[in-house]
Amino acid sequence: MISATVTGFIGRDPISRETKNGIVTNFRIASSSFEGKEERTTWVSAAVWGKKAEYAATLKAGDRVALSGSLSMAEFVDKDGASKASLEMKVVDIEMQSKK
């Protein structure tokens, strides 16, 4: 498990649901960086639990947020048989940021 802070823009409106362990809100953020003149975007799937999940549910696509939590990589095979990986974060703290 890796502790990290990721800043980016929410890709779609968050989705909340009740589970036997409480409320969870899921969404993805796009975080961009530059390598020379080339922009590279990394998508991170986020899961927020409890009271912070209720706050996360009020956010909208396009909102800029900073997420802190544990980051992990999940590997999978897509429908075409290609190996893929996705970054997933169990969010401990979430902060709305201004759109600059």
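Biologist: Which residue in S3 stands opposite isoleucine 10?

Modeller: That is isoleucine 29. Keep in mind that this is a predicted model.

Biologist: Noted. In which sense do S1 and S3 pair, parallel or antiparallel?

Modeller: Antiparallel, over 2 bridges.

Biologist: And how many bridges are there between S2 and S3?

Modeller: There are 5, and the sense is antiparallel. A hairpin of 2 residues takes the chain from S2 to S3.

Biologist: What about S3 and S4, how many bridges?

Modeller: S3 and S4 run antiparallel and are joined by 12 bridges. Phenylalanine 27 is bridged to alanine 46 in S4. Alanine 30 has tryptophan 43 as its partner in S4.

Biologist: Which residue takes a positive phi in the hairpin of S3 and S4?

Modeller: Glycine 36, with phi near 70°. That hairpin has 2 residues between the strands.

Biologist: Then S4 and S6: parallel or antiparallel?

Modeller: Parallel, with 5 bridges. Valine 44 has leucine 87 as its bridge partner in S6.

Biologist: Let me step back. What is the order of elements from the N terminus on?

Modeller: It reads β-β-β-β-α-β-β. That makes 1 helix and 6 strands. The C-alpha trace spans about 40 × 40 × 25 Å along its principal axes.

Biologist: How much of the chain counts as buried?

Modeller: 28% of the 100 residues.

Biologist: And the contacts, what share comes from residues 24 or more positions apart?

Modeller: 55%, taken over the contacts with a separation of 6 or more.

Biologist: On to the inside. How many residues are in the largest nonpolar core?

Modeller: 17. Phe27, Ile29, Leu67, Met89, Val91 and Ile94 have the most contacts inside it. The elements giving two or more residues to this core are S1 (2-10), S3 (22-35), S4 (38-49), H1 (51-56), S5 (64-77) and S6 (83-97).

Biologist: What is methionine 1 in contact with, leaving aside its neighbours within four places?

Modeller: Ser70 and Leu71. Methionine 1 and leucine 71 are 70 residues apart along the chain, and their C-alpha atoms are separated by 6.2 Å.

Biologist: Now glutamate 18. Buried or exposed?

Modeller: Exposed, because the relative accessible area of glutamate 18 is 64%, and the limit for exposed is over 50%. Glutamate 18 is found in S2, which covers residues 15-19.

Biologist: How far apart are glutamate 18 and arginine 64 in space?

Modeller: 25 Å, C-alpha to C-alpha. Along the sequence, the two are 46 residues apart.

Biologist: Last topic, pockets. How much space lies in the largest pocket?

Modeller: About 240 Å³.

Biologist: Which residues line the largest pocket?

Modeller: Gly11, Arg12, Asp13, Ile15, Asn26, Phe27, Arg28, Trp43, Ser45 and Ala46. S3 and S4 each supply at least two residues of that lining.

Biologist: How do the lining residues divide into nonpolar, polar and charged?

Modeller: 4 nonpolar, 3 polar and 3 charged. Some names come back here. Phe27 and Ala46 are in the lining, and phenylalanine 27 has alanine 46 as its bridge partner in S4.

Note on methods. Residues numbered from 1 in each chain as written. Predicted model: local features only at pLDDT ≥ 70, side-chain atom pairs only at ≥ 80, totals over all residues. Heavy atoms only, no water. Core = buried A, V, L, I, M, F, W, Y, C linked by side-chain atoms within 4.5 Å. Buried < 20%, exposed > 50% of the residue type's maximum accessible area, 1.4 Å probe, protein only. Helix = DSSP H or I, 4+ residues; strand = E, 2+ residues; numbered from the N terminus. 1 Å grid on protein atoms, 1.4 Å probe; cavity = no way out; pocket = protein on both sides within 12 Å on 5 of 7 lines; lining within 4 Å. Points joined across faces, edges and corners; volume = space filled by probe spheres on them. Nonpolar A, V, L, I, M, F, W, Y, C, P; charged D, E, K, R; others polar. Pairing = 2+ DSSP bridges. Contact = heavy atoms within 4.5 Å.
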